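User: Please pick one part of this model and take me through it closely. Then show me how it connects to the rest of the chain.

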Amino acid sequence: MANRERLLKTLMDLIRIDSPTGEEDAMDQEVTARLQALGFTVHHDSFNNVIAKLDGVGEPVLLSAHLDTVEPGRGIKPVLHGDTLRSDGTTILGGDCKAGVSIILEGITSVLESGAQHLPVEVAFSRAEEGGLVGVHHMDFGRLSAKRGVVFDAEGGVNRITVAAPSQNVVKAYIQGRAAHAGLEPEKGISAVLIAAHILTQLPLGRIDSETTSNIGRIEGGLKRNIIPETAYMDGEIRSRDQSKLNQYTQQFREVFDRVAALYPEAKVSLEIENTYYSFNVDASHPTVGMISRALADAGLKPQLEGSGGGSDANVFFENGIAALPVGIGVRAFHTKEETVIIPEVLEGAEVCQRIIQGL
Ligand SMILES: [Zn+2]
């Protein structure tokens, strides 16, 4: 059985190890030592993601979380108020994703302690997840044989299973106009900022439908008050849980840029659209949902299937043939100084993790 005191200590210990994105070495050493002590063979791939294996009986299962945190995430002081863990208010807490890592470690520890038979376990701890799923994109998938798994990295309780997540296209546009003195000869100039504004008013933006969103999050352009702006830059994204809708709106973006560019033949509008991760979308009959639901039921919990608006390592696992679904890790207010971890929910996470490892 999962042990609250041990779990809480693991969580506090991990939270006290600084691991902002790109500086995961200390956290890596700690989890590597802990996994080795539990009998795992630990490997590091070329990006130094942690891939660890423990023999067992049956079909292997993947358990995953990430090692990095967002900023401000240095010198974190976790403070326990009853059942809730918070930072001292000057930093994030780092429950994302240290609650996930702790759940996995406690789940494994309690299975081994019980002496029960268990499945072969593969643990993948990625780096630089918060940097845009960078670590998992470099993961050595040849080392993993599991075809299903769980990513411990979602909001709320462990009963919340993410069954659909979007695909994301990143949109970058560079507009080249022509500079001219704004007071002396403005008619000679072509304002790149005006072209950007023209494009912006024509794009489908915001919530497009229940599974599709888009945003232009940054615009830069111009130099000085009295110069017609020569260049402008736009940075945005389109996301959808439905790949065909993503393609459709991406096409619409291209058409808007082309149409507006045609109005300014002397300007140059270049558009780059690049996919960063692909969507997944499964239903209640999917074997991974079944695996998690059985473990939840055995722990007295009811599964809640949800669609997410964000990508996670799970998107890249799916892309590589591993049906790993995200579940909640007892964390609220991700990426803020108000981030909290609800300890009884983390404990439930470990109870469910233990049952998944046992193949219940
Ligand atoms: Zn996370």
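Analyst: Start with Arg-127, which counts as buried because its relative accessibility is 7%. Buried means under 20% relative accessible area, exposed means over 50%, and partly exposed is in between (1.4 Å probe, protein chains only). The model is predicted, so local features need pLDDT of at least 70 and side-chain atom pairs count only at pLDDT 80 or more, while totals for chains, interfaces and linings use all residues. Residues are numbered from 1 along each chain as its sequence is written, and side-chain values use heavy atoms, with hydrogens and water left out.

What does Arg-127 form a salt bridge with? The partner is Glu-24, and the closest N and O atoms are 3.8 Å apart. A salt bridge here is a side-chain nitrogen of Lys or Arg within 4 Å of a carboxyl oxygen of Asp or Glu. Helices (H or I, at least four residues) and strands (E, at least two) are DSSP runs, numbered from the N terminus. Glu-24 has a relative accessible area of 2%, so it is buried too.

Stay in the loop between S6 and H4. Ala-128 lies there. Ala-128 is not a glycine, yet its phi is positive, about 50°. At 8% relative accessibility, Ala-128 is buried. Leu-133 belongs to the loop between S6 and H4 as well. Its phi is also positive, near 60°, in a residue other than glycine. Leu-133 is buried because its relative accessible area is 3%.

Helix H1 covers residues 4-15. Its 12 residues should span 16 Å at 1.5 Å a residue, and its end C-alpha atoms are 16 Å apart, which agrees. The expected span is 1.5 Å times one less than the number of residues. At the start of H1, a side-chain oxygen of Asn-3 comes to within 3.0 Å of the backbone nitrogen of Glu-5.

Which residues of H1 are buried? They are Leu-7, Leu-8, Thr-10, Leu-11, Met-12, Leu-14 and Ile-15. These buried residues pack against several elements, including helix H2 (25-37), helix H3 (95-114) and helix H9 (343-358). Strands S4 (79-81), S5 (84-86) and S17 (340-342) are packing partners as well.

Take the H3 side. Ser-102 is in helix H3. It is buried, at 1% relative accessibility. Leaving out residues up to four places away in sequence, Ser-102 touches Leu-7, Thr-10, Leu-11 and Leu-14. Contact means heavy atoms within 4.5 Å. H3 also holds Cys-97. A cis peptide bond, with omega about 15°, joins Asp-96 and Cys-97.

Next, salt bridges elsewhere. The structure holds 25 of them. Lys-9, Asp-13, Glu-30 and Arg-34 are linked in one network. In helix H9, Arg-355 and Glu-351 lie 4 residues apart, about one turn of the helix. They form a salt bridge, with the closest N and O atoms 3.1 Å apart. Arg-355 is buried, and Glu-351 is too. An α-helix has 3.6 residues a turn, so residues three or four places apart point the same way.

Step back to the domains. The assignment gives domain 1 (4-165 + 279-358) and domain 2 (167-277). Such bounds come from an automatic or database domain assignment. The C-alpha centres of the two domains lie 38 Å apart. Between them, domain 1 and domain 2 bury about 700 Å², 48% of it on carbon and sulfur atoms. Buried area is the accessible area (1.4 Å probe) that two parts lose on being put together, summed over both. The interface has 0 salt bridges. It does have 4 residue pairs in polar contact, both at pLDDT 80 or more. Strand S8 (160-165) and helix H8 (313-319) each supply at least two residues of the side of domain 1 that touches domain 2. A polar contact is a pair of N or O atoms within 3.5 Å; within protein, one must be able to donate a hydrogen and the other to accept it, and residues adjacent in sequence count only if both atoms are side-chain atoms.

Last, the whole chain. It has 9 helices and 17 strands. Buried residues make up 52% of its 360 residues.
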